[in-house]
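Here is a friendly walk through one protein model, written to be read with the coordinates open beside you. Please have a look at the fold before reading on.

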Amino acid sequence: MELDVLKEEKFLQLILNSIPIYVFWKDKNSIFLGCNKNLATYAGLESPDEIIGKSDYDLPWSKKESDFFRKVDKSVMDSGEAQINIEEPITINDKTTRWIRTNKVPLFDDKNQVIGILGTYEDITSKKEMELKLIEQSKELKVKNENLQESNFKLEQVNIDLEQFAYAASHDLQEPLKNIGGFVDLLDKKYAPLLDEDGIQCLEYIKEGATRMSSFIQGILSYSRLEESIDGLEKVDFNNIISSCLKDLEKAVKDSNTQLKINLPLTEIECQSNRIGMLFYNLINNGIKFNKSATPIIKVDFQEKDNHWLFHVMDNGIGIKDVDSENIFKPFKRLNNRGKFPGNGIGLSICKRIVHIHGGEIWYSSNELGGTSFHFTIQKSI
Ligand code: ADP
């Protein structure tokens, strides 16, 4: 029998020494009655037996920490209620600080009287350090985010100012430009017979320059007028939008002998109809303009998706070889010889803005007709 008890005690000790946490038990005066091997090592003791009879003040933690441990012991024993998951730092031998998570449970005798306390704790230093690092990082992130928001706001303000400046400057430039045009016409009519060939050539250059400048100014004006607001949304039939856009393109279509194949949804959409008309106009007009085929073909088609419409404007024109696909959507970016293809390089940047206002994206690809397809999306509800 005695042998069995001894065996049982050894077995219990084996279990206590094997669990990967620190275990101790104390009497009612917070004097250690025992501990497992892990705790003995943690406290710098040779064996668990050495802890018997010692108090926290005899172990390598500071007085302040020992005071705290005993305060918790007392409150657990006085109340008879366990305290679980107490997280606190502990300094060993005044050197290393570790974080521990402690559980303290009161021990009762047969008469339900508290006779001591059982404590377990685990070292959570690495977890705690990670947690503190994370808190630190999220604080830094918050500050960075606030700075970013502030810069964004400033940038938006600068953008607005810049656009207002571009609008005002182009508006004011129109007047003197009109004067230049008027006087060049006068010069042409009245004094051309007095000029030699070089003089007449110079006059032509001035005229061309003035026309191009006027087209640029018009471009800047229409681009800066296009504020990114979603005001003026209305429900309109797609086919109404396209038919008024085709009216404006009638001459270009006829002169170039273009074949138009248009397939659009037979439904109303919520949009800024004038701007969507301008978008189709620019893309179809480009398809006609950048086209050397005897019979230019423009196909307009669509696909209905869950939350948006996807449109395609395809042509059999000269194609686009630009490797940077975002380039041509920038204001004034043109890829071709300006003598061959008239324009001011603003059309596609306007298209991009209109599409963004409608919550969509625009991009292009080459197509099976040998030309370019422009694709864009429009959100069903903005
Ligand atoms: P613009 O038509 O006045 O030149 P855009 O902004 O509309 O200005 O177009 C920018 C450039 O993109 C054009 O100059 C042209 O080089 C290229 N581009 C646009 N559409 C097409 C197209 N359908 N086919 C080939 N090139 C195109």
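Helices (H or I, at least four residues) and strands (E, at least two) are DSSP runs, numbered from the N terminus. The model is a predicted one, in which local features need pLDDT of at least 70 and side-chain atom pairs count only at pLDDT 80 or more, while totals for chains, interfaces and linings use all residues. Residues are numbered from 1 along each chain as its sequence is written, and side-chain values use heavy atoms, with hydrogens and water left out.

H8 is mostly covered, with eight of its eleven residues buried. Here, buried means under 20% relative accessible area, exposed means over 50%, and partly exposed is in between (1.4 Å probe, protein chains only). The buried residues of H8 are Leu348, Ser349, Ile350, Cys351, Arg353, Ile354, Val355 and Ile357. What do these buried residues pack against? Their partners are H4, helix H5 (197-225), H7, strand E11 (362-366) and E12.

The pairing with H7 can be described in more detail. Helix H7 (residues 273-289) and helix H8 (residues 347-357) pack at an angle of about 145 degrees, and their axes are 9 Å apart. For these values, axes are lines fitted to C-alpha atoms, for helices over the stretch in contact, and angles run from 0 to 180 degrees between N-to-C directions. The crossing of H7 and H8 is left-handed, a term used if the near helix is turned anticlockwise from the far one by less than a right angle. On the H7 side, the contact is made by Arg275, Ile276, Met278, Leu279, Asn282, Leu283 and Asn286. H8 contributes Gly347, Leu348, Ile350, Cys351, Ile354, Val355 and Ile357. Contact means heavy atoms within 4.5 Å.

Strand E12 (residues 372-379) holds Thr372, which is buried at a relative accessible area of 5%. Leaving aside neighbours within four places in sequence, Thr372 is in contact with Val313, Met314, Asp315, Gly319, Ile320, Tyr364, Ser365 and Asn367.

**Salt bridges**

How many salt bridges does a search of the whole structure find? The search finds 17, a salt bridge being a side-chain nitrogen of Lys or Arg within 4 Å of a carboxyl oxygen of Asp or Glu.

| Salt bridge | N to O distance |
|---|---|
| Lys128 and Glu87 | 2.8 Å |
| Arg98 and Asp123 | 2.9 Å |
| Glu150 and Lys154 | 3.5 Å |

The salt bridge between Lys128 and Glu87 links distant parts of the chain: Lys128 is in helix H4 (residues 125-191) and Glu87 in strand E3 (residues 83-92), 41 residues apart. Lys128 counts as buried at 10% relative accessibility, whereas Glu87 is partly exposed at 31%.

Arg98 and Asp123, whose closest N and O atoms are 2.9 Å apart, also link distant parts of the chain, with Arg98 in strand E4 (residues 96-108) and Asp123 in strand E5 (residues 114-123), 25 residues apart. Arg98 is partly exposed at 31% relative accessibility, and Asp123 is partly exposed at 26%.

Glu150 and Lys154 are separated by about one helical turn because they are four residues apart in helix H4. An α-helix has 3.6 residues a turn, so residues three or four places apart point the same way. Glu150 is partly exposed, at a relative accessible area of 44%. Elsewhere, salt bridges that share partners join Glu87, Arg101, Glu122, Lys127, Lys128 and Glu131 into one network.

**Backbone angles to check**

Most residues other than glycine have a negative phi. Asn85, however, has a positive phi, near 55 degrees. Asn85 is in strand E3 and is partly exposed at 46% relative accessibility. Phe332 is not a glycine either, yet has a positive phi of about 70 degrees. Phe332 is found in the loop between strand E10 (308-315) and H8, where Phe332 is partly exposed with a relative accessible area of 40%.
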